[in-house]
Amino acid sequence: MKHRLNIIIASTRPGRVGPVFAKWFEGVAREHGKFEPVLVDLADYDLPLFNEPRHPRFADYQHDHTKKWSETIKAGDAFVFVTPEYNYFAPPALVNAITYLSTEWNYKPAGFVSYAGISGGTRAVQTEKQLLSGLKVVGIPEGVAIPNFAAFINEDGVFTPNELINAGTKPMLDELYRWSSALRTIREG
């Protein structure tokens, strides 16, 4: 049985490049064969600054945008966050989107495809793992970092990863699958 892998594009900023990396990774995940990858673009949800009147743990959502977001996250068995680094931190749109929900995230693993300058987005990933851990998400150590990301995108907007970037994909997907399989027993138990 294939597990659903929500590949979440974490930036909503105009001119963002996250969708380029997400589409590439979707193909990699599909080729891996153990997941049914689904692209999830935060921009499609248009979540305002958290505006639900009740705490997310009650799942008593009043707004359609929250209900739609809840169903998407609930359906996922695992996540890959395609994330830039803004000011050494996670994108605000992602922090907001994570904060909207509670139990929908529980007992699921997360991997990260990060991009930025020299750091490759690794500092953002560390802040995201900390935030997600409070929601019982297992942020795995394996990941894909794309440092100096602009050097890998040609004038037509095509991303061409190098050998090192490609080499990080299989270990991350293998580990996500292991955790997803193990945590499924907790979610169903």
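Modeller: Begin with charge. The protein chain carries 20 positive and 21 negative side chains. Lys and Arg count as positive here, Asp and Glu as negative, while His and the chain ends are not counted. The centres of the two sets are 5 Å apart, with each charge placed at NZ of Lys, CZ of Arg, CG of Asp or CD of Glu.

A word on the source. This is a predicted model, where local features need pLDDT of at least 70 and side-chain atom pairs count only at pLDDT 80 or more, while totals for chains, interfaces and linings use all residues. Residues are numbered from 1 along each chain as its sequence is written, and side-chain values use heavy atoms, with hydrogens and water left out.

Now the fold. The protein chain has six helices and six strands. These are DSSP runs numbered from the N terminus: helices are H or I of at least four residues, strands E of at least two. From the N terminus, the order is β-α-β-α-β-α-β-α-β-β-α-α. The radius of gyration is 16 Å, close to the 16 Å of the globule rule for 189 residues, so the protein chain is as compact as a globular protein of that length. That radius is taken over C-alpha atoms, and the rule is 2.2 Å times the number of residues to the power 0.38. Of the 189 residues, 49% count as buried. Buried means under 20% relative accessible area, exposed over 50%, and partly exposed in between (1.4 Å probe, protein chains only).

Now move in on T83. This residue is in strand β3, residues 78–84. T83 is buried, and its relative accessible area is 0%. What does T83 touch, leaving out residues up to four places away in sequence? Its partners are A10, P91, L94, V113, S114, Y115, A124, V125 and E128. A contact means heavy atoms within 4.5 Å. The side chains of T83 and E128 are joined by a polar contact of 2.6 Å. Such a contact is a pair of N or O atoms within 3.5 Å; within protein, one must be able to donate a hydrogen and the other to accept it, and residues adjacent in sequence count only if both atoms are side-chain atoms.

Next, follow the chain out of β3. N87 lies in the loop between β3 and α3, residues 92–99. N87 counts as exposed, at 74% relative accessibility. Its phi is near 55 degrees, a positive value in a residue other than glycine.
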